[in-house]
Amino acid sequence: MTSEKYFSKWVREAGRGHLTALLAWGSLLLYGIITAAQLRFKSDYFFFGMGSGELLRICAGLGAVISFLEFFYLLQPKKLDFYYSLPVRKNTVFWSRYVHGLMHVFIPLCLVIAACGLYESSFDIDFLPSAAGYTGRSILTFAGVFLIFYHVGILLLTVCGNVLPAVLGYVLCLFYGHILVGYALTPWAANYFRTYYRIPTFEKLDIMLAPFSLARELTGSNLFDKFEVFAYVPSGSVILAASEWIILPLLLFAAAQKKRKTERVGKLFAIPLAERAAECLLTFLAGVWSGIFLTELTGLTDRSPEAAGAAGIAAGIAAAAAVHFLLELGAGCGTGQKPGFLRGGIFRRKWQLAAECAAVVFTGMAFLAGASAFDSYLPKEGQVEKIGVSIDGIGMSNESYRQIRMGGERYETVLQLERYLLAEEGKTAAAAWIKSLAEKNRLTEPGLEPAPEAGMESGRAENKAPAEDASPDSGMPSTHAVICFHMKNGGEIYRLYPVYEEELAAFAAVYETEEYKRAAYPVADNEFAGDARFSWSDGVTENLMKLEKHEKEALLDACREDISDMKMDSLKETLLLGTVEIDSDRAMLPGSIPVYPCFTRTCSLLEQYGAPIDRTLADYSVRSVSVSTEKENVWGKRSSEYVDDPEEVEQWKQKAVPKSFDLQPLFYPLDYSKEIQAEVEDETTNSIIHVNCYSREE
Amino acid sequence: MITISNLTKYFDEICAVNQVSMEIPDGSMFGLLGTNGAGKTTLLRMLAGILEADSGEIRIDGEEDSFSPQCREKIFYLPDDPYYFPNASIQVMLDFYKKQYPELEMDAAVYMAQSLNLDQNRPIRTFSKGMKRQAFLILALCSQTKYLFCDEVFDGLDPIAAEIMKNLFRQEMKSRDFTILVASHKLRDLEDICGNIAILHKGGVVTAGDFKNRAEHVRKFQCVFPTEADLDSLRNHPAVLRFHEDARFITLITGGNPGEVRKALEEQNPIFLGEVPLSLEETFIAEMEGAGYDIRKVLQ
């Protein structure tokens with residue numbers, strides 16, 4: 001019998017029971033039918049290939065389940081004896097099952113994706129230009145996803161001798177990278193690097209080391225826009241990482257299946273080296289995680305980073321040793337073997353234990369020793385292409401600012417770092433300001449603590465300094481600045497600096513550059529203004545202004561000039577008068593221009609055009625007011641009061657400021673302890689308007 | 001012929017098979033005898049190509065690579081608890097084995113199954129233990145392999161089923177060049193069918209060969225002596241391998257020169273002296289105890 005026939009005979013034999021075929025063909029065909037039914041109606045946000053979370057989960061699930069179905073015989077002593085006693089080589093049985101599993105996923109996957117591609121091309125004109133590319137990429141990427149999960153499963157089944165470690169090992173493989181990077185290494189950086197905001201390398205590692213996150217990146221399952229999905233090509237680093245997840249396990253299990261000893265079936269590991277590798281990985285993770293856990297628990301990093309580091313490393317060593325001994329104790333339990341340490345003494349793997357502890361110490365030391373280098377690092381101006389700047393409390397609502405100060409999500413910071421991206425004169429000003437900021441915080445010289453005259457309690461740039469407490473003598477920073485250096489080599493470097501009163505004032509040098517103002521106060525180009533509708537908003541109602549094209553252009557020019565002349569300090573003096581709202585059918589046209597009292601040219605024109613720029617909430621007829629007051633000393637608890645007494649209503653409406661005017665909580669704070677909802681009677685439309693407001697500080 | 005040279009197998013620190021060397025001649029039925037843990041199954045699994053030896057060599061018909069499919073086509077391994085596919089019937093297993101052993105005689109298998117009242121289309125899982133063993137024996141015998149390795153093949157079978165299986169072995173050995181290697185922990189299972197037996201103990205071979213021939217010089221005497229007879233001199237006689245005293249009724253198993261032994265017994269003026277035939281079991285006891293081994297457990 002030729003070897004090809006012999007192999008194909010075993011591929012057919014692997015299909016006994018038809019479970020793999022049933023599962024793969026069943027799930028993929030079902031997916032194809034359901035997808036085809038939905039494509040016709042939801043083709044704008046429903047994708048049959050890349051961008052489909054459902055297909056991602058199906059392929060990942062099939063990879064995991066089929067690896068166990070095909071290779072479970074490796075954990076069954078009776079079946080193994082049966083196969084290995086037959087006139088066939090062990091690797092023929094192994095590789096025939098591998099091919100059988102592949103075949104039963106690849107064929108239906110290609111058919112289903114190709115059929116869906118043809119079907120969508122028949123009715124979706126947007127899809128047609130990218131049909132071939134998208135369909136081809138979808139087949140390749142989802143085959144890649146299947147291979148990642150399939151190979152990891154086979155590797156685990158090959159190196160393990162028992163189903164429990166195989167399943168646990170699989171789970172560990174899926175989550176190890178994410179736990180290590182997200183819950184151990186990142187907290188080390190966040191605790192010991194005073195200017196830590198985020199490290200993109202860690203974030204990339206977090207994705208690359210976690211198969212499911214990587215699969216999402218590979219297949220674009222986190223994208224929602226139709227055209228973005230159709231054109232999506234995974235980045236080179238994602239393709240490289242996916243290839244590594246496919247090839248490395250393949251090489252490992254190809255070698256392991258040769259080395260695997262039949263008699264080790266039933267034990268935890270069929271390959272002794274795998275037992276050591278698992279011990280090392282778990283011990284290292286436990287050590288690194290415990291180290292940072294203790295550090296965070298004691299909160300020592302603020303007072304003495306060195307002492308915290310030493311305590312963290314000591315805790316890491318203790319945890320690593322404890323986990324090592326526990327694993328040694330556990331090795332063999334339930335498999336009829338003696339626990340490992342009974343077989344060779346408690347220190348039977350002393351050098352391995354030493355290496356594990358050394359790795360924990362090295363990791364801890366790397367963060368401790370690298371802290372000053374990290375904090376003092378400032379890229380040279382020539383290396384930086386753009387600088388993104390976001391200062392907490394500037395150009396954001398109090399709700400966002402408060403969330404940031406409470407240590408919550410920094411959605412607004414992320415948006416600002418994209419919006420305030422300086423590449424011209426703003427970049428030069430920002431670079432100089434950042435340098436002075438770093439110098440002020442004494443971060444440019446390695447090993448130096450922040451200047452004592454700054455009165456800082458510690459040099460850590462945490463988000464816990466409430467601006468209202470900040471005063472020149474309080475010793476607390478006024479706010480924090482997040483900086484993103486976009487390097488010319490494509491990299492991104494983020495830093496978070498505490499900003500004191502003096503540096504905040506110095507930020508005017510950046511704020512007052514034309515480039516920064518263009519980002520902060522975008523004004524539509526005159527050419528687009530012709531067909532746009534202009535209205536004046538006072539925070540309560542909008543008044544449409546019937547303007548000719550030249551009037552609109554004149555208004556926009558006036559706005560530009562006023563913005564150009566605007567000083568940062570003026571933000572501390574007054575609130576908005578209102579906003580010029582520009583409504584257009586054109587997408588991406590800047591829609592709202594804030595107008596401050598200092599915008600003399602703009603105000604004059606608006607008056608000329610009949611906009612009631614002096615009208616405030618106080619000029620409206622307010623029927624009643626609901627005041628919700630934060631209880632003192634009880635955070636999050638509020639008391640509500642309904643006011644309809646005309647005198648009291650009159651008092652409240654004089655103090656109320658629409659929330660939409662609260663754009664500079666750092667420069668012009670309001671009384672945020674009171675939230676007011678005013679019930680305004682709109683006489684022109686004879687309706688009631690509910691306006692959410694804050695109160696002016698008394 | 002199967003030649004085993006210095007075969008050694010360790011399971012972690014435990015030596016399961018220790019420097020085993022033996023030859024299994026063609027056309028014979030070779031027994032492997034030993035207590036649980038003696039290394040019989042490990043030896044069989046190594047011969048069947050399931051386990052790899054740590055050291056030593058197995059040559060099957062002189063071939064160096066005993067793991068090659070060509071070599072393994074000559075072997076059928078029948079374990080203690082054989083595997084069959086879920087819901088598989090004899091027919092399904094026959095179809096499967098036919099692909100592995102192209103020489104398998106389907107008609108003969110069907111005939112044998114019918115002779116033994118085994119429904120070839122009924123799932124094997126519904127068979128009793130004895131029926132399963134008979135079914136697999138049919139598969140093994142009809143595969144037409146040169147060698148059959150059986151592990152505890154008679155264990156748990158009723159005497160009739162065991163006798164049927166032994167007869168099947170005998171018939172097959174008569175009809176073609178067929179060598180059977182049977183491992184058992186009970187001598188009684190092997191004594192009436194195995195010409196050659198190897199005794200394994202703690203992984204090593206204690207002794208091996210044709211014990212019936214080797215027992216020619218061993219005799220069993222039953223005697224009754226008068227009270228004044230010097231039984232101690234008999235007990236300590238160098239030719240006496242086993243001495244059992246039940247009141248005045250003495251049973252002896254002796255080695256050495258049979259004439260000299262009879263003379264020594266007659267010197268004590270026995271009231272009764274008679275020689276009785278030895279069973280294989282008693283031959284073993286004599287051999288093994290003479291060699292200093294306690295193999296009574298083996299012979300239970």
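**Exercises on a predicted model**

Chain A holds 25 helices and 13 strands; helices (H or I, at least four residues) and strands (E, at least two) are DSSP runs, numbered from the N terminus. The model is predicted: local features need pLDDT of at least 70, side-chain atom pairs count only at pLDDT 80 or more, and totals for chains, interfaces and linings use all residues. Residues are numbered from 1 along each chain as its sequence is written, and chains are lettered from A and ligands numbered from 1 in the order in which they are written.

**Exercise 1.** Check the length of helix H13 of chain A.

*Solution.* Take the 26 residues, 305-330. The expected span is 1.5 Å times one less than the number of residues.

**Exercise 2.** Find buried residues in H13(A).

*Solution.* Apply the cut-off: a residue is buried if 20 or more other C-beta atoms lie within 10 Å of its own, exposed if 12 or fewer, and partly exposed in between, with C-beta atoms placed from the backbone. Among the buried ones are A:Gly309, A:Gly312, A:Gly316 and A:Ala320. Across chain A, 42% of the 698 residues are buried.

**Exercise 3.** Work out the order of the open sheet in chain B and its edges.

*Solution.* Strands pair if DSSP finds at least two bridges between them. The order of the four strands is S11-S12-S10-S13, with antiparallel pairing. S11 (240-246) and S13 (272-276) of chain B each have a single partner strand, so one side of each lacks a neighbour in the sheet. Five bridges join S10(B) (residues 219-224) to S13(B). In S13(B), B:Gly274 stands opposite B:Gln222.
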